[in-house]
Amino acid sequence: MAPGAIVNLVDEVGAAATYQFEGQPMSVSVDMSVSFVSTAKVDDELEITSKLLGQKGRYSGALVLLRNKTTGEIVAEGRHSLFGRPTSKL
């Protein structure tokens with residue numbers, strides 16, 4: 001699996017983990033780090049999990065793990081920080 005595809009998954013799944021309310025604007029990425037631990041081949045099935053690490057004001061962080069579903073081996077671990085825009089009062 002291409003590293004860019006893994007980074008995109010960390011971005012999308014991390015943002016989804018921090019999303020709070022329907023109709024509110026999505027947060028924007030502030031910082032992201034990805035550790036590539038192992039490789040994933042074309043036919044490998046991956047299990048992707050995310051966990052909200054915490055929130056302080058409009059700043060939030062998430063942890064995303066990509067794991068080989070068959071072997072349980074971690075393929076990548078990503079940490080994603082996001083900042084939410086305030087809703088417009090107009």
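These entries record what I looked up in a predicted model.

**Entry 1**

The model has an open sheet of 4 strands in the order 1-4-3-2, and the pairing is antiparallel. I noted strand 1 (28–36) and strand 2 (46–56) as the edge strands, since each pairs on one side only. On average, neighbouring strands of this sheet are turned by 15° against each other, direction ignored.

I then looked at one pair more closely. Strand 3 and strand 4 are joined in the antiparallel sense over 9 bridges. Within strand 4, Leu 82 is the residue that stands opposite Ser 60. I also followed helix 1, which packs on the sheet and touches strand 1, strand 2, strand 3 and strand 4. The direction of helix 1 makes about 130° with that of strand 3.

**Entry 2: the core**

Which residues form the largest nonpolar core? I listed 7 residues: Ile 6, Val 10, Ala 40, Val 64, Leu 66, Val 75 and Ala 76. Helix 1, strand 3 (59–68) and strand 4 (74–83) each supply at least two residues of this core. In soluble globular proteins, nonpolar side chains tend to be buried together.

Leaving out residues up to four places away in sequence, Val 64 touches Val 10, Val 13, Gly 14, Ile 48, Thr 49, Ser 50, Ala 76, Glu 77 and Gly 78.

**Entry 3: Thr 18**

Next I turned to Thr 18, which lies in helix 1 (residues 3–18). Is Thr 18 buried or exposed? Its relative accessibility is 5%, and because buried means under 20%, Thr 18 counts as buried.

I found that the side chain of Thr 18 reaches the backbone oxygen of Ala 15 at 3.0 Å. Residues up to four places away in sequence aside, Thr 18 touches Leu 52, Gln 55, Ser 60, Gly 61, Ala 62 and Leu 82. Among these contacts are Ser 60 and Leu 82, the residues I had noted opposite each other in Entry 1.

**Entry 4: Val 37**

Where does Val 37 sit? I located Val 37 in the loop between strand 1 and strand 2. Its relative accessibility is 56%; exposed means over 50%, so Val 37 counts as exposed.

I also compared sequence with space. Val 37 and Ile 74 are 37 residues apart in sequence, yet 6.4 Å apart in space from C-alpha to C-alpha. Not counting residues up to four places away in sequence, Val 37 touches Ile 74, Val 75 and Ala 76.

Key:
Residues numbered from 1 in each chain as written. Predicted model: local features only at pLDDT ≥ 70, side-chain atom pairs only at ≥ 80, totals over all residues. Heavy atoms only, no water. Buried < 20%, exposed > 50% of the residue type's maximum accessible area, 1.4 Å probe, protein only. Polar contact = N/O pair within 3.5 Å; in protein donor to acceptor, adjacent residues only side chain to side chain. Contact = heavy atoms within 4.5 Å. Core = buried A, V, L, I, M, F, W, Y, C linked by side-chain atoms within 4.5 Å. Pairing = 2+ DSSP bridges. Axes fitted to C-alpha atoms, helices over the stretch in contact; angles between N-to-C directions.
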